[in-house]
Amino acid sequence: MQRILSTDTTQHIGQTVSVSGWVNSRRDHGGLIFIDLRDHTGIVQLVINPEQSEAFGLAEHVRDEYVLRVVGNVKERDEGLKNPNIPTGGIEIVVDTLEVLNKSEPLPVATRDEGQQSGEELRLKYRYLDLRRPTMQNTLKQRSEYYKVLRRYMDEHEFTEVTTPILANSSPEGARDFLVPSRVYPGKFYALPQAPQQFKQLLMVGGVPRYYQIATCFRDEDPRADRLYGDFYQLDLEMAFVDDGEVVRGTMEPLIKQLATEFGGKQLVSDDVPRIPYQEAMDRFGSDKPDLRFGMELIDLTDDLRATEFGVFKNTIANGGVVKAICVPSGANLSRKQIDGFTDTAKREGAGGLAYIKYENGESVSPIAKFLTPEELTTIQTKLGASDGDAVFFGTDTRATVNKVLGHLRSEFADHFQLKDPNKVALAWIVDFPFYEYDEGARRVDFGHNPFSMPRGGVEALRAAETDEQKLALVADQYDMVMNGYEICSGAVRNHNPEVMYEAFGLLGYDAAYVDAKFGAMINAFKFGAPPHAGCAFGIDRIFMVLTGQDNIREVVAFPKNGSGVDVMMSSPGAADVAQLDELSLKIIES
């Protein structure tokens with residue numbers, strides 16, 4: 001299609017042009033037929049006169065979404081008929097010839113942005129039609145430009161793009177693998193990589209100074225609004241001769257700031273991106289991916305209330321728990337029903353209830369106010385910085401439970417009071433993650449993220465950790481970047497020393513044979529002069545979602561699976577036929 005649908009369309013007046021596209025709408029005015037023709041650049045109005053009998057005859061039978069090619073003369077519209085809302089609103093094409101390239105049946109989904117939209121499930125089933133909507137067309141174009149920015153930045157900073165294998169080995173990355181059975185080696189399996197972790201570290205051993213790729217990653221995790229099911233994309237990178245995570249952070253931070261301001265058109269909350277230790281983030285915000293566009297920090301009142309006679313607070317503190325609170329601006333305006341809703345949320349997160357104090361007309365209004373002394377009420381209001389019209393909500397339990405409950409409420413209160421400004425971007429680096437964590441399901445200590453991070457203190461710190469408590473106190477030189485409450489990056493200084501790898505697994509009960517079986521290539525490579533190295537991976541789907549103002553990640557990829565992990569367009573996953581299973585030495589066992 002000739003691109004005449006530019007902003008300055010007047011330059012084409014008087015020219016004969018050929019354009020192709022889809023029928024967006026058709027209007028029969030008796031003596032004239034008007035067709036709005038659409039392609040990826042926009043819409044232009046066609047005028048078909050009865051004098052052009054062949055074209056007019058075809059136009060009488062044209063319907064929405066027919067595919068046409070027309071040749072005609074560009075004419076300026078009469079002054080009263082111009083449409084200032086579209087770039088081509090000042091011109092029209094008077095058609096000489098019209099060709100129907102293909103017909104269309106009535107569409108099951110809308111291909112326009114205006115009017116009632118189809119439901120997500122139907123849109124995903126007919127995604128190839130949904131992609132015709134101008135919004136989706138623009139998203140695909142934006143994503144292409146986004147990739148150009150990423151690659152340009154990496155090239156300018158002397159990174160070498162290297163693609164790594166898709167058929168790989170299983171590797172513990174914190175999620176379930178997708179396994180691919182081998183036909184040649186019956187009973188053995190490849191795994192689709194959760195990340196190119198081992199390969200990029202091997203590239204460092206291989207002498208590549210700076211590696212990157214836009215990598216396809218595969219994880220069998222349940223989908224949610226900010227996480228695609230199955231496959232997703234990340235900007236994966238690694239840097240050799242780096243033993244300080246700040247080098248990686250300092251190298252990549254300007255890219256994310258540039259994307260936020262220049263590509264996304266957002267305002268940075270702060271040009272200085274804070275570094276917040278993991279435990280501090282949990283204590284202040286109740287989350288390791290805090291949204292810093294608003295305040296409402298968690299304030300610890302435990303020491304201030306040690307002498308209280310209020311039973312709930314007193315018993316919690318006596319049993320080693322904590323009392324913390326958040327101040328909600330304008331929270332005094334919440335109704336009883338709304339507070340009950342937030343209380344239900346707190347209970348779902350593990351709280352027994354949700355105590356609160358409202359500040360109205362200089363008074364502390366609360367069911368618990370009568371159990372607190374005037375001095376305690378003053379301390380609470382002062383320490384929380386609460387003013388008239390605000391409300392304070394309390395959490396009382398173990399530190400971990402209180403942080404979790406109040407962190408979740410903090411986000412929900414911000415949603416309720418519209419404190420998450422979509423035009424702003426707040427960035428932070430969360431650093432010093434726990435090396436190990438306690439797996440409640442397995443009832444044992446396990447790796448916090450993955451086993452490839454370097455523990456602070458190296459092998460000596462590992463050897464000094466004998467009890468579970470000491471193991472859980474170990475810190476990894478690991479870091480995440482967060483954007484508006486989303487984790488958008490995870491990285492670490494890597495463990496490049498076989499001795500440290502063996503010790504890290506040994507503390508969890510795994511022997512050297514297990515490590516060799518799982519990571520033989522990497523362990524062997526580390527024995528041949530592996531340089532120190534560090535890197536990270538940015539979740540580019542999630543970043544793009546935030547920067548384009550979407551709240552559902554499925555809106556920013558061309559062909560996503562639905563919220564249940566099903567590709568309703570291609571009907572996958574599907575059954576394999578018996579011949580395929582026989583080739584792979586597999587058998588389906590009916591439950």
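**Close-up views of a predicted model**

View 1. Between the centres of domain 1 and domain 2, taken over C-alpha atoms, lie 63 Å. Domain 1 covers 6–102 and domain 2 covers 294–419; the bounds come from an automatic or database domain assignment. This is a predicted model, where local features need pLDDT of at least 70 and side-chain atom pairs count only at pLDDT 80 or more, while totals for chains, interfaces and linings use all residues. Residues are numbered from 1 along each chain as its sequence is written, and side-chain values use heavy atoms, with hydrogens and water left out.

**View 2. G80 in its loop.** Look for G80 in the loop between β4 (67–76) and β5 (91–102); strands are DSSP runs of E, at least two residues, and helices are runs of H or I, at least four, numbered from the N terminus. G80 is exposed, at 76% relative accessible area (exposed is over 50%, buried under 20%, partly exposed in between; 1.4 Å probe, protein chains only). From the C-alpha atom of G80 to that of G520 is 76 Å, and the two are 440 residues apart along the chain.

**View 3. Helix α5 and its neighbours.** Helix α5 (residues 197–205) has Q197, Q198, K200, Q201, L203 and M204 as its buried residues. They pack against β9 (210–219), β10 (230–240), α15 (512–526) and β24 (533–539), with contact meaning heavy atoms within 4.5 Å. Just after α5 comes G207, with a positive phi of about 95°.

**View 4. Around Y436.** Not counting residues up to four places away in sequence, Y436 touches several residues, including V445, F447, L462, L474 and L508.
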